[in-house]
Amino acid sequence: MADKAPTIDAEIQALKDEFAFLGDWTERYQYIMDMGRQMPPFPPEKQDEEHKFHGCQSQVWFDYEWDGDRLKLYGTSDAMIVNGLIALLFRIYSDRTAGEILATDDRFIDELGLGAHLSANRATGLVNMVEKIRKLAAAKAA
């Protein structure tokens with residue numbers, strides 16, 4: 001029998017545990033950037049205006065598809081820390097159903113300490129991306 005993917009709550013708890021293991025925010029930023037480096041490449045031909053995510057200070061490109069009832073997320077940024085934040089969000093939200101996404105609020109951003117340790121512009125961009133993902137889920141659920 002295939003292993004079942006962890007729930008969103010379990011994934012958020014795993015991130016909290018990983019962050020708690022790291023000594024300080026310098027190490028946590030490095031960890032976030034490392035997550036971004038591990039993301040699959042985003043196709044250069046989709047790094048265009050159509051796929052540009054507005055609402056972030058850095059350049060961010062974003063795409064998605066529904067694979068049955070599961071949302072698959074793709075993206076990249078020209079900023080290493082933002083690319084890592086994208087990877088963090090995709091770890092939580094990608095390959096989830098609309099119901100799973102809508103049942104999760106964005107408190108995890110503050111619970112991970114991101115709201116307090118990111119610049120105001122980056123924190124706003126992160127919240128904007130969560131809102132975009134939630135809107136996609138809401139449209140699918142409708």
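Start with the salt bridges: this predicted model has a count of nine by the distance rule applied here. Side chains of opposite charge can pair when their charged atoms come close.

Next, have a look at R70 and E100, whose side chains form a salt bridge at 3.3 Å, N to O. R70 belongs to strand β2 (residues 70-77) and E100 to helix α4 (residues 98-102), so this bridge ties together parts that are 30 residues apart in sequence. R70 is partly exposed, with a relative accessible area of 30%, and E100 is partly exposed at 27%.

Then there's D105 with R107, another salt bridge, at 3.4 Å from N to O. Here D105 is partly exposed, with 34% relative accessibility, while R107 has a relative accessible area of 55% and is exposed.

Now back to E18 and R91, and the helices that carry them. Two packed helices are described by the angle between their axes and the distance between the axes. For α1 and α3, the axes come within 8 Å and cross at roughly 145°. On the α1 side, the contact uses I8, E11, I12, A14, L15, E18 and F19, and these meet L88, R91, I92 and Y93 of α3. Sorted by type, the residues of this contact are eight nonpolar, no polar and three charged.

Helix α1 has another packing partner in helix α2 (residues 25-37): the two pack at an angle of about 135°, with their axes 9 Å apart. That angle is why α1 is called oblique to α2. From α1, the contact takes L15, E18, F19 and A20, and from α2 it takes W25, R28, Y31, I32 and M35. By type, that gives seven nonpolar residues, no polar ones and two charged.

Helix α3 (residues 80-93) has a partner of its own in helix α7 (residues 120-141), where the axes come within 11 Å and cross at roughly 30°. Why call the two roughly parallel? Angles under 35 degrees count as roughly parallel, and α3 and α7 therefore fall in that class. Their crossing is right-handed. The α3 residues in the contact are I81, V82, L85, I86, L89 and Y93, and they meet R122, L126, M129, V130 and I133 in α7. The tally for this contact is 10 nonpolar, no polar and one charged.

Which residues does G125 touch, leaving aside its neighbours within four places in sequence? The list is F53, G55 and C56. The C-alpha atoms of G125 and C56 are separated by 4.3 Å, even though the two residues are 69 residues apart along the chain.

K140 also lies in α7. With a relative accessible area of 39%, K140 is partly exposed. Not counting residues up to four places away in sequence, K140 touches W66, G68 and A98. K140 and A98 are 42 residues apart in sequence, and their C-alpha atoms are 6.4 Å apart in space. A98 falls in helix α4 (residues 98-102), which also holds E100, the partner of R70.

Key. Residues numbered from 1 in each chain as written. Predicted model: local features only at pLDDT ≥ 70, side-chain atom pairs only at ≥ 80, totals over all residues. Heavy atoms only, no water. Axes fitted to C-alpha atoms, helices over the stretch in contact; angles between N-to-C directions. Helix = DSSP H or I, 4+ residues; strand = E, 2+ residues; numbered from the N terminus. Parallel < 35°, antiparallel > 145°, perpendicular 65-115°, else oblique. Left-handed = near helix turned anticlockwise from the far one by under 90°. Contact = heavy atoms within 4.5 Å. Nonpolar A, V, L, I, M, F, W, Y, C, P; charged D, E, K, R; others polar. Salt bridge = Lys/Arg side-chain N within 4 Å of Asp/Glu carboxyl O. Buried < 20%, exposed > 50% of the residue type's maximum accessible area, 1.4 Å probe, protein only.
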